Amino acid sequence: MTEKVAVLGTGKIGEALLSGMIRGGWSPSDLLVTARRPERAEELRSRHGVEAVSNTEAAKSADTLILTVKPQDMGTLLDELAPHVPADRLVISGAAGIPTSFFEARLATGTPVVRVMTNTPALVDEAMSVISAGSHATEEHLVHTEAIFGGVGKTLRVPESQQDAATALSGSGPAYFYFLVEAMTDAGILLGLPRDKAHDLIVQAAIGAAVMLRDSDQHPVKLREAVTSPAGTTINAIRELESHGVRAALIAALEAARDRSRELASGNG
């Protein structure tokens with residue numbers, strides 16, 4: 001791979017992406033990084049063998065720019081980059097809630113922009129990265145984006161109109177599972193188990209359930225029914241979950257996350 005790719009604002013997710021690209025065949029000499037703090041830039045240089053440059057240098061020399069700064073910092077970054085980004089550069093945004101039109105309005109006319117919502121399991125190569133094309137992005141740009149983000153997990157294309165829903169479901173999704181594991185661990189302690197044993201039991205149950213969901217091709221209802229014996233322990237637990245409105249609470253929570261993503265897109269940060 002001979003083209004240069006720059007990761008701008010390289011935090012944890014940006015570094016995970018960088019590492020995944022190197023494992024996927026990119027040469028460190030073809031990768032550039034930017035970081036706000038000089039010590040962070042030096043850390044990335046020594047750890048991965050990549051070149052740390054300024055945002056302006058990255059914009060001038062990289063063929064693909066991956067912008068991983070926080071949404072509230074994106075406008076300032078684009079103001080800095082715009083004079084130096086030719087219209088043939090691919091710009092990939094990883095900022096929640098910001099539409100491709102925001103970038104297209106601030107960059108040279110015709111600049112291809114791809115919007116990506118990934119999640120923190122990128123740190124362990126189990127991300128789900130949701131990809132949407134801007135108005136000037138081609139099939140080639142989407143394939144290239146998939147090659148980059150495929151190094152840290154799975155990718156899925158959706159129309160940009162579905163990005164806020166994907167952010168609520170997948171981008172924020174790991175936090176919901178951590179919240180559930182935390183609550184179930186507390187329940188295990190209440191039932192008399194030591195915290196470490198309760199934690200191990202719940203985490204392994206979560207891993208096993210996730211693998212079955214992924215690999216069995218069975219609907220979640222069928223998998224749940226296989227655990228739910230008549231008049232048994234599981235159905236009593238399910239009855240309590242339903243009586244406390246857990247299903248409705250989850251739906252409301254995801255709607256709230258989607259609405260917040262829309263607010264970020266409208267500039268109400």
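Predicted model: local features only at pLDDT ≥ 70, side-chain atom pairs only at ≥ 80, totals over all residues.
The chain contains twelve helices and eight strands. Its C-alpha trace spans about 70 × 40 × 35 Å along the principal axes. Of the 269 residues in the chain, 35% are buried. Among contacts with a separation of 6 or more, 63% are accounted for by residues 24 or more positions apart. The accessible surface of the chain amounts to about 14,900 Å², and carbon and sulfur atoms contribute 59% of that surface.

An unreviewed UniProt entry assigns residues 4-97 to the feature "domain: Pyrroline-5-carboxylate reductase catalytic N-terminal".

Helix α1 covers residues 12-23, twelve residues in total. The distance from its first C-alpha to its last is 17 Å, close to the 16 Å expected at 1.5 Å a residue. Buried positions in α1 are Gly 14, Glu 15, Ala 16, Leu 17, Leu 18, Gly 20 and Met 21. In an α-helix, residues three or four places apart point the same way, because there are 3.6 residues a turn. After α1 comes Gly 25, which has a positive phi near 120°.

Positive phi values also occur in residues other than glycine. Most residues other than glycine have a negative phi. Asp 217 has a phi near 60° and is located in the loop that links α9 (195-215) to α10 (220-227). With a relative accessible area of 73%, above the 50% cut-off, Asp 217 is therefore classed as exposed. For Ala 231, phi is likewise positive, near 60°. Ala 231 belongs to the loop between α10 and α11, and its relative accessibility of 76% places Ala 231 in the exposed class.

A nonpolar patch on the surface is formed by Leu 241, Val 246 and Leu 250. Together these residues have about 240 Å² of accessible area. Leu 241 is situated in helix α11, which runs over residues 233-243. The relative accessible area of Leu 241 is 43%, so that this residue counts as partly exposed, a class that lies between the 20% and 50% limits.

Conventions
Residues numbered from 1 in each chain as written. Heavy atoms only, no water. Patch = residues over 30% accessible without salt bridge, like charges linked within 9 Å, V, L, I, M, F, W, Y side chains within 5 Å. Areas by Shrake-Rupley, 256 points an atom, 1.4 Å probe, with all protein chains shown as cover. Salt bridge = Lys/Arg side-chain N within 4 Å of Asp/Glu carboxyl O. Helix = DSSP H or I, 4+ residues; strand = E, 2+ residues; numbered from the N terminus. Buried < 20%, exposed > 50% of the residue type's maximum accessible area, 1.4 Å probe, protein only. Expected span 1.5 Å × (residues − 1). UniProt positions renumbered as here; feature names shortened; annotations may be inferred. Contact = heavy atoms within 4.5 Å.
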